[in-house]
Amino acid sequence: MSDSEPDLELLELLRQHIAGKPQVAAEPDTGVLESAEYVYNNSIDVALDMRSCKNAARAIYSQMQTKSYSPATWAAHELHPHPSKGDKPEDVVAFIFTMDLLNFCFWSERGEEERFSIEYKGRRWTGYWSLVAALQRALEEGIPITDPHFWQNEEELTLSTLKHVFRSATSEEMPLLAARLSCLREAGQILYEKFSCHPLHLVTSSNNSAARLVNTLASNFSCFNDTHSPPSFPRKKPIRLLKRAQILVADLWACFEGQGPYGKFYDIDKITMFADYRIPQMLNQLGCIQYSPPLETTVQLKRDIPSGSNWEIQLRACSIWCVELIRREILRENPGARVNAILIDFFLYDTIKEMENDGRERAPHHRTRSIWY
């Protein structure tokens, strides 16, 4: 046998060895961070200011320490469910699944007194909290709004029923009600067909992997499949942003404080920031992200930016990458700090809402009507 000829006997021995050796499955990954970095590297309308990112990282971590920010902060809110409040774990999981199934598009062009709001527990709730308040109110009224069986019953759950559940304290209705009904219908059917008609089984199917649960949501439920292929970013793989799929996992982790069968995820740090309209607004206010003149004008004048457009994808993806850089900077300066993109996102969202309530917003958020956020 010459040196150039293969040793067939050796090759066969290698094949037998490989065939008999158990193959190690690759760890799941959402692909969101890789998509965000790709968009950032090719973005022409959204840029990051690295000095501002470093300054923001220092300020954010300092304030998080001062406020003792942790997963427990999530459960402390009066509207959020929690086992310590007497809620059964299976009911908590069902509530969180329903909440994040419908967790999108609350912004209004109207003033605070006229915008869509929910009257509950003696006060009016707007934005995200209007959703949570409406769900709690419905359950107290005996409407099984978190039950997938109810979602599939076309006689009981109608658009009129949903209008009643989300009846407003003002003349403005909740946006995209028909789309929310479609999300409930689809989710009820998928849960019935694949997960014994309860999100509990969906969560446990992840085997405590945050990334696997995100991917399961995106691959099985079209209303969680927040992926896009804008013309300015041509590539074979779509851009994965997966806002609501990721925040569902984060809410479970935060609610159960990273413990137990429904809150423990060994790879929770693979979850990124949740790309919506509020965090880009806050990052812009901090000077971390900057816009091209045409995009800046569009945002300032509150003009509509279509869902899935080049501008919108840049705004969302660059925000994900920006928060990732802030996270890395916090860990660089504070090795061993217990901080991840989830907590940074929660902190930034709470901060911009406080600034909105106090009239300290310096710039508006971008306007996009979408089921993705």
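## Basis of the model

Because the model is predicted, local features need pLDDT of at least 70 and side-chain atom pairs count only at pLDDT 80 or more, while totals for chains, interfaces and linings use all residues. Residues are numbered from 1 along each chain as its sequence is written, and side-chain values use heavy atoms, with hydrogens and water left out.

## The largest nonpolar core

A nonpolar core is a set of buried Ala, Val, Leu, Ile, Met, Phe, Trp, Tyr and Cys residues joined through side-chain atoms within 4.5 Å, where buried means under 20% relative accessible area, exposed over 50% and partly exposed in between (1.4 Å probe, protein chains only). The largest such core holds 124 residues, of which Phe97, Phe166, Phe221 and Ile326 touch the most other members. Its largest share, 11 residues, comes from helix H16 (residues 310-333), helices being DSSP runs of H or I with at least four residues, numbered from the N terminus.

Beyond its neighbours within four places in sequence, Phe221 is in contact with several residues, among them Phe97, Glu186 and Leu202, contact meaning heavy atoms within 4.5 Å.

## Helices H14 and H16

In H14, Ile279, Pro280 and Leu283 meet Leu315, Ser319, Cys322, Val323 and Ile326 in H16.

## An exposed serine

Ser160 lies in helix H8 (residues 159-165) and is exposed, with a relative accessible area of 54%. Ser160 and Ala363 are 203 residues apart in sequence and 37 Å apart in space, C-alpha to C-alpha.

Technical notes
Helices (H or I, at least four residues) and strands (E, at least two) are DSSP runs, numbered from the N terminus.
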